[in-house]
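My entries follow in the order I made them.

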Amino acid sequence: MPLKFALYPGCAAQGATPELYQSAMAVIRRLGIEVVELTAASCCGAGVTTEANPEAALALNARTFAQAEKLGLDVMTICGTCQGVMSAAGRRLSQEAGLLDRINGLLEPEGLAYRGTVRVRHLLWIIVRDIGLHELRRHVRVPFKDFRVAPFYGCYILRPSWDLGFDDPENPTSMEKVIQAVGGESVAYAGRTKCCGFPIILEKEQIAVTMAGANMKEAKDKGADFMVTPCPLCHMSLDIYQERAGNAVGTKLDLPILHLPQLIGLAMGIPAGELGLSRHLISVDSILTRLKGQGAPAT
């Protein structure tokens, strides 16, 4: 029986970084995962709404959960931030007495009600636990041989661990396992579990880009050929703001950034054009040129 989920792409992957949605859909199809996209879902709030109005943030997420529940499906997300925010919302709704009834009162005008049965699962988790690394290896056509790859988890997909419960928040291994499954060598560095700075980038840009720059500089100093992240917001911080981040830490970084499905897609032999790689601000040509020598298809 094929895996089937209610797909929640999140905002960034359909707005500022549509290449991440594009690449995720290409990989999902190759893996044989069936999805029903939640086209009427709302933003998860990205943590910001929770700060301003916690109950409104819960209602936004309960509304999404109710739509998935109607389909009888768990939610798949491709965004680390969405994973964290939605997991926290789901936990509160299931554990706090009277909260679900109160939130359902806000959903009633739309004819929606959430019963508390939906789980939220990131594509990374589904690949590691449901698809399996052995099956992932079977799909690899162009291995990342001799590449040193720096995983960048970011915050929300790891912490708080009691809301997530998938990986060790201090010493995670799921991204490293995927990197190894596609033939690469993972780079160990302290910044892999730190914040990318995105949550404060609109108010404290210099602090935010310095945080991102320090993480990228450390990865590059440890010999990384490129970074991979499971979060579109982290991708934006690391790719779109990279020039400013480099200036903040006094170095030219020039470090390509791949979203997790782009890494997997390239290893599967999916052409770069289908993965939206030309949209990146930091060129990924150094990766594509090396892969071409290993039999990668034309872009």
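**Cysteines.** I searched the whole structure for disulfides, meaning cysteine sulfur atoms within 2.5 Å of each other, and found 0. This is a predicted model, so I read local features only at pLDDT of at least 70 and side-chain atom pairs only at pLDDT 80 or more, while totals for chains, interfaces and linings use all residues. Numbering runs from 1 along each chain as its sequence is written, and side-chain values use heavy atoms, with hydrogens and water left out.

I then checked individual sulfurs. For C155 the closest cysteine sulfur is in C195, at 3.7 Å, which is too far for a bond. For C231 the closest is in C234, at 4.0 Å, again too far for a bond. I class residues by relative accessible area: buried under 20%, exposed over 50%, partly exposed in between, with a 1.4 Å probe and protein chains only. C155 is partly exposed at 23%. C231 is buried at 2%.

C196 sits in the loop between β6 and α10; my helices (H or I, at least four residues) and strands (E, at least two) are DSSP runs numbered from the N terminus. C196 is buried, at 4% relative accessibility. From C196 to C155 I get 7.9 Å, C-alpha to C-alpha, across 41 residues of sequence. I listed contacts, meaning heavy atoms within 4.5 Å. Beyond four places in sequence, C196 contacts F152, A208, A212, L233, C234 and S237.

Is T193 buried or exposed? Its relative accessible area is 13%, so I count T193 as buried. Leaving out residues up to four places away, T193 touches G154, L158, R159, P169, E170 and P172.

**Sheet.** I traced an open sheet of 4 strands, ordered β6-β5-β7-β8, with parallel pairing. Strands pair here if DSSP finds at least two bridges between them. β6 and β8 (257-259) are the edges; each has a single partner strand, so one side of each lacks a neighbour in the sheet. I found 3 bridges between the parallel strands β7 and β8. In one of the pairings, M227 has I257 of β8 as its bridge partner.

**Cores.** I took a nonpolar core as a set of buried Ala, Val, Leu, Ile, Met, Phe, Trp, Tyr and Cys residues joined through side-chain atoms within 4.5 Å. The largest has 55 residues, and those with the most contacts inside it are I33, F144, V178, L258, L263, L266 and I287. Elements giving two or more residues to this core include β1 (4-8), α1 (18-30), α9 (174-181) and α14 (285-292). Which helix gives the most? α6 does, with 7 residues. Another core lies apart from this one; it has 50 residues, among them M86, I103, V187 and L238.

L266 is one of the buried residues of α13. G269 follows α13 with a positive phi, near 90°.

**Aromatics.** Rings of Phe, Tyr and Trp (its six-membered ring) pair when their centres lie within 6.5 Å; planes under 30 degrees apart are stacked, over 60 edge-to-face, and the rest tilted. I count 5 such pairs. F65 and Y114 have ring centres 5.4 Å apart and planes at 50°, so I log this pair as tilted. F65 is in helix α3 (residues 54-71) and Y114 in the loop between α5 (99-107) and β4 (120-122), 49 residues apart. F65 is buried at 1%, and Y114 is buried at 4%.

F147 and F226 have centres 5.9 Å apart and planes at 65°, so this pair is edge-to-face. F147 lies in the loop between α7 (133-139) and β5 (148-151) and F226 in strand β7, so the pair ties together parts 79 residues apart in sequence. Both F147 and F226 are buried. With F144 they make one aromatic cluster.

Last entry: what sits over the ring of F147? I found the charged end of R290 there, 3.9 Å from the ring centre. My test for a charge over a ring is NZ of Lys or CZ of Arg within 6 Å of the centre and within 35 degrees of the ring normal.
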